[in-house]
Each structure stands twice: as C-alpha cells, then as structure tokens.
Amino acid sequence: MYKRILLKLSGEVLSGEDKKGFDEKALEYLSNEIKKVVQHGIKLGMVIGAGNLFRGRELQDVTNSIGDHIGMLGTVINALYLKDYFEKKGIKTVVVSQIVNLPSVRIIHYDDIELYFNAGYVVIFAGGTSNPFFTTDTAAALRAVEMKADVLIKATKVDGIYDRDPKKFKDAKKYSRITYDDAINLGLKIMDTEAFSICKRYHMPIIVLNFFKEGNLLEALSNNRVGTFVKP
Ligand SMILES: Nc1ncnc2c1ncn2[C@@H]1O[C@H](COP(=O)(O)OP(=O)(O)O)[C@@H](O)[C@H]1O
Ligand SMILES: O=c1ccn([C@@H]2O[C@H](COP(=O)(O)OP(=O)(O)O)[C@@H](O)[C@H]2O)c(=O)[nH]1
C-alpha cells in the first residue's frame, strides 16, 4: 500500500459535479473518503482546485493575471472551508500557503510539513503554484515532488485517462496504463502538459481515478488496479 500520497481534488468535489459553492452531502462524502485513508496511517497531502468558486479563464471581463489571482484565492477559501469541516469530523488538518498571511494559514516550510505528517495531520497545500497562468494540477505535481510522495492521485469525475474526453465522446477508450510521453504527445487533456512534464522529470507516478465512486481512493492505494496509472 502507498504510504505517502499527494491527492489533487478538483473544486467540484466540494460542490458536486457542474455546480458551484459547497454542498453538505459532497463534503460529507469527501470527509468519509479521506477518513478511510487517514485511518490507514497514510501521510496525506492535498491540493484543491477552485472550479466550484472561480476559474480564472471563466472570468471573462477580468484581466487574465487578476482572474488567476482570484482563482488562487479561491483555492485558499476551499482549503480553509475544508480544514474547518474536516476538524469537526475529527480529521486533524493544517493549511499551508505562500500567498496569504492569515492566522489560520501557515507558511510552507519543509521541516514543519514533516512534523505535521508525523503528528497525523492532513496537510492542505493552498494557493496553487502562487503564479498566474498555471493550474492546480501543476501545483499538485510540484507539491507531490516536494513532499516526496509515493504517488500523485488525481481525483476527478471520470474513471481514468481516455483516448478522448469521455464526457464528450461516448466511444472513448480508457487506458489502464500509459506513459508520460504518450499522455503528453497524444494531447490527452485530463491534466496539463506542465503537470505531466514535472512528474516525468522527477519520476512521480500518477493515478487518475473517479473520486465519486465510494471506496475507490483507498482501493487505488491498496492494489493499483483502479483508474489509469501513468508511469515512465
Ligand atoms: N483524454 C481524457 N481522458 C479523460 N478525461 C478527459 C480527457 N480529456 C479531457 N478530459 C476531461 O477532463 C476532466 C477532468 O479534469 P478536472 O481537472 O477534474 O476537471 P476540471 O478541469 O473541469 O476542474 C474530465 O471531466 C474530463 O471530461
Ligand atoms: O498555480 C495556479 C493554480 C490555479 N490558478 C488559478 O486558480 C483557478 C482554479 O484552479 P483550477 O482551475 O486548477 O481548479 P479545478 O478546475 O481543479 O477545480 C485556475 O482556473 C486559475 O485561475 C492559478 O492562477 N495558478
């Protein structure tokens, strides 16, 4: 079983698919899935998106870089919302970020992160990469490498990587395994190229899985037979 993971969640995990804001049922489901992982003693880092609040590219009347700043702040909002929710459910959680200075958010410091893991805390890395023009997938790849994760899990609403977007093409075919190079060269838009490149360079395996199937996350960590596995 993987013992140290970076979990990337899209913002819609907090709102429900194609919805905005926060949904109680979605949050309860999420905290139950996370609890299963934490109870196995797995060291868990998380990167959360902000698709349930703001995506820079969707703010059409806003200057690109400012829209992205708004998006990154959205990830901090999500992280704090989650921290509060998790703690009420008994999951010890700390939020770290480089983009805000708030009493509820800690500065990212490698030594401290190890202490948080050893004390059984889930660590939520908020604020994306701290730069506009990137996504939280790229942030997840960076944080996975930085925290020396065994694997990066991209938890999403499709059950793996397909030869085409399965939401648009009913006859899309799923890969159970794929190389970084194929994922990049075939232009499979499940994650951005930057994220695949960082994982390739630092030999970080990726599992893409459907987060909305109960127990899927823990099963993937146990047997590697869920979703799509991206490897060298
Ligand atoms: N080749 C592909 N294989 C799987 N999913 C794909 C592919 N191309 C595009 N997608 C889309 O990527 C989405 C997953 O990305 P995610 O980051 O979770 O969502 P979003 O970017 O909408 O927040 C899926 O909903 C799926 O429709
Ligand atoms: O390093 C980053 C990460 C995110 N964002 C902004 O934050 C938004 C939310 O992130 P993302 O789209 O990855 O969220 P998700 O779709 O996974 O919920 C993005 O649209 C960008 O506007 C950014 O500017 N830089």
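**Entry 1: ligand 1, polar contacts**

I started with Thr156 and ligand 1. A polar side-chain atom of Thr156 lies 2.6 Å from an oxygen atom of the ligand. I kept in mind that this is a predicted model.

Next I looked up Asp165. An N or O atom in the Asp165 side chain is 2.6 Å from an oxygen atom of ligand 1. Then I turned to Arg55. Here, too, the side chain supplies the N or O atom, and an oxygen atom of ligand 1 is 2.9 Å from it.

How much of ligand 1 does the protein bury? I found that ligand 1 exposes 560 Å² when taken alone, and that the protein buries 84% of this area.

I asked where ligand 1 sits. It sits in the largest pocket.

I sorted the shell of ligand 1 by class.

**Entry 2: ligand 2, polar contacts**

I moved on to ligand 2 and began with Gly11. A polar backbone atom of Gly11 is 2.7 Å from an oxygen atom of ligand 2. For Ala50 I again noted the backbone: one of its N or O atoms there lies 3.1 Å from an oxygen atom of ligand 2.

With Thr129 I turned to a side chain. An N or O atom in the side chain of Thr129 is 2.6 Å from an oxygen atom of ligand 2.

I looked up the areas next. Ligand 2 taken alone exposes 520 Å². The protein buries 94% of that.

Which pocket does ligand 2 take? I found that its space is the largest pocket.

I counted on to the neighbours. Ligand 2 has 20 residues around it. Gly11, Asp68, Thr129, Asn131 and Thr136 come nearest.

Which helix gives the most to the shell around ligand 2? It is α3, residues 64–88, with three residues.

Last, I sorted this shell by class. It divides into 11 polar residues, six nonpolar and three charged.

How values were computed. Residues numbered from 1 in each chain as written. Chains lettered and ligands numbered in written order. Predicted model: local features only at pLDDT ≥ 70, side-chain atom pairs only at ≥ 80, totals over all residues. Heavy atoms only, no water. Polar contact = N/O pair within 3.5 Å; in protein donor to acceptor, adjacent residues only side chain to side chain. Areas by Shrake-Rupley, 256 points an atom, 1.4 Å probe, with all protein chains shown as cover. 1 Å grid on protein atoms, 1.4 Å probe; cavity = no way out; pocket = protein on both sides within 12 Å on 5 of 7 lines; lining within 4 Å. Sits in = over half its atoms within 2 Å of the grid points. Near = heavy atom within 4 Å. Helix = DSSP H or I, 4+ residues; strand = E, 2+ residues; numbered from the N terminus. Nonpolar A, V, L, I, M, F, W, Y, C, P; charged D, E, K, R; others polar.
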